[in-house]
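User: Hi! I would like to learn how to read a multi-chain model, one feature at a time. Could you walk me through this one?

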Amino acid sequence: MSITTFLQHCLTGISLGGAYGLIAIGYTLVYGILRLINFAHGDIFMMAGYFMIFALASFPWPIAIVITLVITTVMGVVIERLAYKPLRSSPRMSIMISAIGVSYLLQNLATYLFTAIPRGYPEIPLLKRIFRIGELSASLVTLMTPVLTIILVALLILLVNKTKTGMAMRAASKDFETAKLMGININRVITVTFAIGSLLAGIGSILYFTDRMSVTPFSGTLPGLKCFVAAVFGGIGNIPGAVIGGFFIGIVETLLVALGYSTFSDAFTFLLLIVMLLVKPTGLFGEKTVEKV
Amino acid sequence: MKRIVVFVLIALLACQFLFAGGKAESAGGEKEIVIGVFEPQTGENGGGGFQEVLGIRYANKVYPTVTVGGETYKVRLVEADNKSDKTEAVTAAQSLISSGASVIIGSYGSGVSIAAGDIFLDNQVPAIGASCTNPQVTFGNDYYFRVCFLDPFQGTVMANYAWQEGAKKAAVITQLGDDYSSGLGNFFKRAFLQLGGNVVSEQQFQTNTTDFKSILTNIKAANPDVIFAPSSIATAPLIIKQARELGITAKIMAGDTWENSSIIENAGASAEGVVLSTFFDDADPATEEAAKFITGFKSYLVENKQPDIIPAVSALGYDAYLVALEAIKAANSTKGPAIRDALVDVSVEGVTGKIVFDENGDADKDLAFIKVIKDGQFKFLKTVSVL
Amino acid sequence: MHTRRNTILTIISAALLVGLLYWLHFNRTGNGMLISILQKSAILALVAVSMNLLNGFTGLFSLGQAGFMSIGAYVTAILLIPVSSLEGVYYMSGVHPSIRVFKVFLGSLPPWFQSLYPFFALILGASIAAIIAAIVGVAVLRLKSDYLAIATLGLSEIIRAIFSSPQLDGVTNGSYGLNKIPGFPKMFGGLVPSLVTPFVISAICIMLIVMLIRSSYGRAFLAIREDEIAAEAMGISLFKHKSVSFIISSFFSALAGGLLAMYMRSIEAKTFSIALTYDILLIVVIGGIGSVTGSVLASFLVTASKEWWLRFFDQPLDLFGWQVPLFKTGFRMVIFSILLMVVVLIYRRGLMGTNEFSWDRILGRFKRRKNAKGGA
């Protein structure tokens with residue numbers, strides 16, 4: 001493999017990893033507070049792709065982006081209200097089944113409404129401008145994804161560490177019950193968490209699909225699962241960890257495909273998960289938690 | 001609460017019988033014969049399957065009746081969605097058999113056709129494949145016929161074409177776990193190597209992959225003259241666009257699945273210059289039937305809110321229907337075995353040319369149309385035949 | 001006092017069922033749909049019960065069923081494809097010579113072996129799955145609830161990737177899948193016709209699982225489900241019991257996978273994707289997590305309505321000349337997802353909750369209704 005080819009692969013991997021990182025944050029935030037794998041998160045990401053297609057059909061792109069993000073955020077919050085809130089005191093298995101159910105519903109709904117035929121993702125000319133540096137070539141969105149990811153994560157960390165809402169979120173993730181006792185409006189915190197997670201999934205969706213150009217009802221499943229693995233890898237509940245996990249999985253996956261092992265590119269992600277859970281269950285940067293009786 | 005559930009289920013059941021009954025009676029005493037449409041309308045191949053269904057529906061609209069034993073039978077289409085999934089295919093096929101289908105048309109995608117083949121055989125209902133190109137479909141199955149050419153032929157055609165265009169180095173991209181893609185890719189490779197060419201890069205991707213940049217980067221490094229990428233229409237625009245984005249200028253080629261306007265729609269300017277082989281060309285009607293079909297079907301497409309470019313699979317679906325009607329007429333019976341025996345000797349001037357079946361049940365077709373995408377449209381390039 | 005009546009009722013209904021199956025055997029033409037739905041339901045019932053053993057009775061949320069089914073299906077299929085068809089099935093890359101030699105050797109064995117061979121294949125496939133489960137279980141079963149779920153889901157994806165990899169073309173036929181698999185065999189020298197075989201196997205397996213649940217092991221499973229730490233304090237070995245539950249569940253899932261291969265007559269790795277596990281989960285949830293009869297009932301109800309009764313949702317419908325707007329392809333699955341959500345959110349117990357089917361309850365209901373009517 002020549003050095004240019006290798007660099008080109010790295011560029012692809014980093015860009016993919018950036019999008020993964022943004023989605024992984026949604027998992028990590030929700031898991032941190034509710035101890036729930038939000039199986040529907042990947043499908044929210046997929047729905048955001050469809051929203052963008054329809055928004056862009058009738059609005060100029062800056063407005064379309066705003067509309068998409070708003071609808072996606074609202075959808076995430078509504079899903080939490082309808083499908084997770086009623087089960088808050090139920091066993092964890094029920095709420096997880098509910099999450100799988102929402103995912104199943106969103107996929108089938110998308111198949112029903114938009115058919116299984118892949119929809120072309122509209123181009124935003126500015127984002128698709130192609131840059132060539134020597135032998136390397138990439139569109140603006142490829143270059144922009146990792147940068148934007150890092151900026152957004154920095155902002156999010158600022159929000160979590162410096163604002164009152166952020167403090168409430170941290171309290172809730174440390175100890176749900178005590179946070180409640182301390183007078184924190186836990187439902188509001190959860191709403192904010194889902195809103196942030198969905199918003200980032202929406203942004204991730206725009207970046208991911210602009211680069212990959214087609215949406216199907218099943219586009220969200222695999223990226224969703226991979227991003228959950230990324231979140232576990234980085235230490236669930238840890239925001240920078242999730243992003244680093246996202247980058248790691250994106251790059252390794254790309255290199256595996258590049259080396260001709262595309263059969264195992266998905267399997268690798270899950271193998272990583274199993275190995276990680278056995279060796280260091282708290283992830284790379286996770287805090288040690290004590291399981292209470 | 002359980003009572004409610006049970007009640008709802010019973011109500012639904014009742015609905016089913018009501019509607020089923022209503023449909024049968026609506027024929028008003030007229031005799032009817034059922035043709036089963038075994039096609040994917042959802043799932044991975046839902047797009048292509050639907051276009052094939054449109055062709056069959058249109059054929060049914062044009063020829064709604066058939067004469068058997070001096071009596072006019074109304075032809076009723078019963079559609080079953082096999083969801084591009086082998087598990088669903090079994091029950092979908094059974095549901096067609098149960099609905100009393102005398103002949104079955106389908107399916108888009110060879111995998112599901114192979115899966116259902118044994119059921120049609122066991123129940124002695126002949127099936128006519130419209131666009132399933134894998135050799136396994138009809139091989140060793142006396143009740144499966146097809147009106148299109150086969151993958152070994154198609155692979156050879158494309159390899160010959162590439163060779164004639166002066167290509168020496170080829171790259172092949174195939175989809176893992178997909179018999180159409182892997183099969184066609186392999187046949188192309190064999191033929192191309194035999195011609196003296198060199199396959200410089202073989203890449204595979206997983207189902208549902210959307211990111212082809214890494215395999216394309218490898219291909220770029222191998223610097224081929226042509227890229228052969230048989231795959232579903234879902235992946236086609238992705239491969240094309242990402243290849244051009246990476247600055248790959250090699251000619252991209254594929255098989256029949258790519259003749260679908262959604263590819264041009266989705267890939268836009270990047271699709272220019274893509275070459276593919278197909279079954280049918282609407283600019284050059286081969287038969288009188290074809291000329292009639294082209295004008296009629298275009299307005300039918302518009303009625304159904306589809307772009308007015310005729311997909312080859314719709315033409316094949318139409319032909320499969322014609323063959324089915326012809327066989328019913330020749331057999332003078334609505335029974336499966338009789339129709340099968342008639343199919344062996346049937347000869348139909350279809351939209352895609354003359355259709356006669358060989359001993360395997362495959363249409364004797366030795367002609368493929370090569371098309372190129374130019375100015376946002378499929379333009380006929382040449383016909384290639386292989387002996 | 002009611003036990004005798006209940007036994008009689010059970011025997012009568014079982015006899016009716018057997019009668020129906022034999023009737024179907026002699027009236028196959030025209031009932032193809034009914035037969036195939038019933039067969040598929042019977043197979044899925046076995047998977048659902050084995051999933052329920054893990055999820056409902058032991059409290060281990062596993063999503064790896066599809067992976068174990070694929071092991072059973074592939075092993076059974078490879079063993080059963082007739083030697084004469086090998087050429088056609090492995091048309092692309094040829095079959096691995098050792099498999100051919102092995103199969104030719106098996107073909108030369110005496111006839112009594114040939115008639116048992118399909119069952120031998122099923123059990124071998126299931127045993128291989130059980131061994132894999134035992135090995136993987138050592139690692140995976142240490143994980144807690146949702147981690148276990150995603151790890152088993154990952155495991156199933158890994159198995160699928162291995163089966164479809166081009167490196168194994170000579171064995172699993174990679175991308176091309178396996179076909180020409182013989183259908184169900186006859187049992188007991190033709191006493192049980194091939195049509196009835198899946199029901200018999202499925203029933204035997206489900207009974208074995210029920211016996212396990214009623215044994216001391218089953219009590220231990222329930223204790224683990226209710227409270228792991230308390231169970232451990234009572235002297236129940238967590239690891240041992242979790243392993244047993246995982247291995248047995250995998251064994252029967254794989255056996256059902258083998259049956260599925262016989263039912264479908266052609267398989268490919270794609271069949272055993274996450275969606276299959278979700279479909280089975282749907283059955284378990286609708287039937288009631290922790291109820292064997294619930295899973296069995298639900299698998300028949302769900303399969304029948306999904307494949308048959310509710311198919312009309314996917315067809316455009318004209319009602320007195322008025323086109324019902326919602327009915328088009330895909331609507332059926334939307335209805336199903338909504339049904340699942342309704343069960344999860346509102347009727348949390350599903351059809352049966354954690355109860356089992358009992359005649360007392362059914363008859364009691366009728367009586368109550370009668371009384372209510374009489375009173376009014």
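**Reading the chains and their contacts**

Analyst: Happy to! Let's begin with burial in chain B: of its 387 residues, 60% are buried. Keep in mind that this is a predicted model.

User: How many helices and strands does chain B have?

Analyst: Counting elements gives a first outline of a fold. Chain B has 12 helices and 15 strands. Its radius of gyration is 22 Å, close to the 21 Å from the globule rule for 387 residues, so chain B is as compact as a globular protein of that length. Along the principal axes, the C-alpha atoms of chain B fill a box of roughly 65 × 60 × 40 Å.

User: And what share of the contacts in chain B joins residues at least 24 apart?

Analyst: For this one, begin with contacts between residues at least 6 apart in sequence. In chain B, 68% of those contacts join residues at least 24 apart.

User: Now the interfaces, please. How should I think about their size?

Analyst: The accessible area lost when the parts come together is often used to give the size of an interface. Here we can count residues in contact instead. Between chains B and C, 38 residues of chain B meet 37 residues of chain C.

User: Which elements give two or more residues to the side of chain B that touches chain C?

Analyst: They are α1 (2-26), β3 (71-81), α3 (86-98), α4 (110-122) and α6 (179-194) of chain B. The largest share of that side, 8 residues, comes from α3(B). Sorted by class, the side of chain B that touches chain C has 13 nonpolar, 18 polar and 7 charged residues.

User: How many residues does the contact between chains B and A take from each?

Analyst: That contact takes 27 residues from chain B and 31 residues from chain A. On the side of chain B that touches chain A, at least two residues each come from α2 (46-62), β8 (198-205), α7 (213-222), α8 (236-245) and α9 (261-267) of chain B. There α7(B) makes the largest share, with 6 residues. The classes on this side of chain B are 8 nonpolar, 14 polar and 5 charged residues.

User: How do I read a helix pair? At what angle do the axes of α13 and α15 of chain C cross?

Analyst: Look at the distance between the axes, the angle, and then the handedness. The axes of α13 (residues 274-287) and α15 (residues 331-345) of chain C come within 10 Å and cross at roughly 45 degrees. α13(C) and α15(C) are therefore oblique to each other, and α13(C) passes α15(C) in a left-handed crossing. C:Leu282, C:Val285 and C:Ile286 of α13(C) make the contact with C:Leu340, C:Val343 and C:Val344 of α15(C). By class, this contact has 6 nonpolar, no polar and no charged residues.

User: What about the backbone? Which residues does a cis peptide bond join?

Analyst: Omega is the angle to check. A cis peptide bond joins B:Gly106 and B:Ser107, with omega about 10 degrees. B:Ser107 is found in the loop between β4 (101-105) and α4 of chain B.

User: And phi: what is its value in B:Gln124?

Analyst: Phi of B:Gln124 is near 55 degrees, a positive value. B:Gln124 lies in the loop between α4 and β5 (127-129) of chain B. This residue is partly exposed, with 16 other C-beta atoms within 10 Å. Phi of B:Asp375 is also positive, near 50 degrees, and B:Asp375 lies in the loop between β14 (368-374) and β15 (377-384) of chain B.

User: Is B:Asp375 buried or exposed?

Analyst: B:Asp375 is exposed, because 7 other C-beta atoms lie within 10 Å and 12 or fewer counts as exposed. By contrast, B:Thr42, in the loop between β1 (31-39) and α2 of chain B, is buried, with 27 other C-beta atoms within 10 Å.

How values were computed
Residues numbered from 1 in each chain as written. Chains lettered and ligands numbered in written order. Predicted model: local features only at pLDDT ≥ 70, side-chain atom pairs only at ≥ 80, totals over all residues. Contact = placed C-beta atoms within 7 Å. Helix = DSSP H or I, 4+ residues; strand = E, 2+ residues; numbered from the N terminus. Nonpolar A, V, L, I, M, F, W, Y, C, P; charged D, E, K, R; others polar. Axes fitted to C-alpha atoms, helices over the stretch in contact; angles between N-to-C directions. Parallel < 35°, antiparallel > 145°, perpendicular 65-115°, else oblique. Left-handed = near helix turned anticlockwise from the far one by under 90°. Buried ≥ 20, exposed ≤ 12 C-beta atoms within 10 Å, placed from the backbone. Rg over C-alpha atoms; globule rule 2.2 N^0.38 Å.
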